[in-house]
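Please look over the sequence and the model shown here before reading on.

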Amino acid sequence: MLAEIKGLNEECGVFGVWGHRDAAQITYYGLHSLQHRGQEGAGIVVSDGEKLVGYKGLGLVSEVFAQGQLNDLIGKAAIGHVRYATAGGGGYANVQPLLFRSQNGSLALAHNGNLVNASGLKHQLENQGSIFQSTSDTEVLAHLIKRSGYSSLKDKVKNALQMIKGAYAFLIMTETEMMVALDPNGLRPLSIGRLGDAYVVASETCAFDVIGAEYERDVEPGELLIIDDEGLRSERFSKNINRAICSMEFIYFSRPDSNIEGINVHTARKNLGKKLALEAPIEADVVTGVPDSSISAAIGFAEESGIPYELGLIKNRYVGRTFIQPSQSLREQGVKMKLSPVRKVVEGKRVVMVDDSIVRGTTSKRIVNMLREAGATEVHVRISSPPIANPCFYGIDTSTHEELIASSHSVEEIRQVIGADSLAFLSNEGLLDGIGRTYDGEFRGQCMACFTGKYPTDIYEDTVLPHEKE
């Protein structure tokens, strides 16, 4: 559904390239394909082998680099970042990549995810004399690297990575090498590919398609890749692997044309819709999905149920970023600006409205009302994920129970709040079966914490907001 009006937003997207003469331009296109992962800010840092040069700003990728700034970013390697503010809040200082300079050389960092022990590490580092230039937890890694007693950068990075906890896909670049690291749970997607002789790294494989790169493989949890002019080397910084990729990547965040560990996101969402139709059948005349991320699930629901799929809701793609706002009132007004019901499709019909999730419930209520106002005789809501009843501490901006209607309401109570004739969520088992991952373990290599409350890492006391503590 629409991130800017739902209040369910992912942390960031990262992209990197090594060994291409047009590194900045390639990174620009890569970031453009990852724009759905963050709209608050964007940045690129390049290396020409001798120095790092960067440019970043607030806004969309096309806005930040609208005045020819790419022409000044000359180099054979680059890392880039698109940001949605969660940990550390917004502001220019938190836009990445973060660039640090010292007498021993420069270091650039780009991070997708959220560190659950960042606050405690910051206190320790500040007590030891560190001065932070931003409020982003990403900066913690730079200080840990700098303070490490090891001589080589590789060992410094490995040592620093062993000290941080949570979700992270890191790109680290110096004048002469790029390092790529994924947390031991693999909570965020991260893939590597080739563009001719160049290596490329991206949060999603859709970026490879845009630039014409060939996908090679996903980065493994606990893996550290070192890329330089000699090629690519793989090492491990952690052997304590517990696969737990975020389920919302399949349900909502990733683009439908991306693949995660060989699973196409569109296909996974269609399967979720089919499972939903089997678990929660209903007599109706049309099925419609809430654009864009719910369309695939709606198609699957329609195919399995035999109820025709129709475009009952249309997304206005020309509304600017004015409505990407934190206030609930603007989010609610944004629903009408972003979505319009197709009266001739829903009028006089029993409608199944398929959506990917319900966070606060306010948006679902407004969409149900819109369909009724357009003449729908019944509106049955089907959600292609289980109820989100628990906060996420890994980079999604649902950090309190108060934000989640399912944490304090039953399914029947939520149905009454949103005004639907019926409401059903996909089961946990239906979600796991629909996505189809086959790893051993209770959740088959997926993080299900927002549904089950079982977190794959320790959750530190200072991770929880004060009013959330017992």
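The model is predicted.

Seven strands make up an open sheet, in the order S3-S2-S4-S1-S10-S9-S11, with antiparallel pairing. At the edges lie strand S3 (52-58) and strand S11 (214-218), each of which pairs on one side only. From one strand to the next, the twist averages 15°. Strand S1 (residues 12-18) and strand S10 (residues 198-202) run antiparallel and are joined by four bridges. Trp18 stands opposite Tyr199 in S10. Helix H2 (residues 23-33) packs on the sheet, where this helix touches S1, strand S2 (41-47), strand S4 (77-83) and strand S9 (191-195). The direction of H2 makes about 25° with that of S4.

| Helix | Buried residues | Packing partners |
|---|---|---|
| H6 (residues 153-161) | Val157, Lys158, Ala160, Leu161 | H5 (139-147), S7 (166-173), S8 (178-182), S12 (223-228), S13 (231-236) |
| H15 (residues 428-435) | Gly430, Leu431, Leu432, Gly434, Ile435 | H8 (247-253), S16 (263-264), H9 (265-279), S23 (446-447), H16 (449-452) |

In H6, Val157, Lys158, Ala160 and Leu161 are buried. Viewed down the axis of H6, the buried residues fall within an arc of 165°, so they line one face of the helix.

Just after H15 comes Gly436, which takes a positive phi of about 85°.

Notes
Residues numbered from 1 in each chain as written. Predicted model: local features only at pLDDT ≥ 70, side-chain atom pairs only at ≥ 80, totals over all residues. Heavy atoms only, no water. Buried < 20%, exposed > 50% of the residue type's maximum accessible area, 1.4 Å probe, protein only. Helix = DSSP H or I, 4+ residues; strand = E, 2+ residues; numbered from the N terminus. Contact = heavy atoms within 4.5 Å. Arc of directions from axis to C-beta. Pairing = 2+ DSSP bridges. Axes fitted to C-alpha atoms, helices over the stretch in contact; angles between N-to-C directions.
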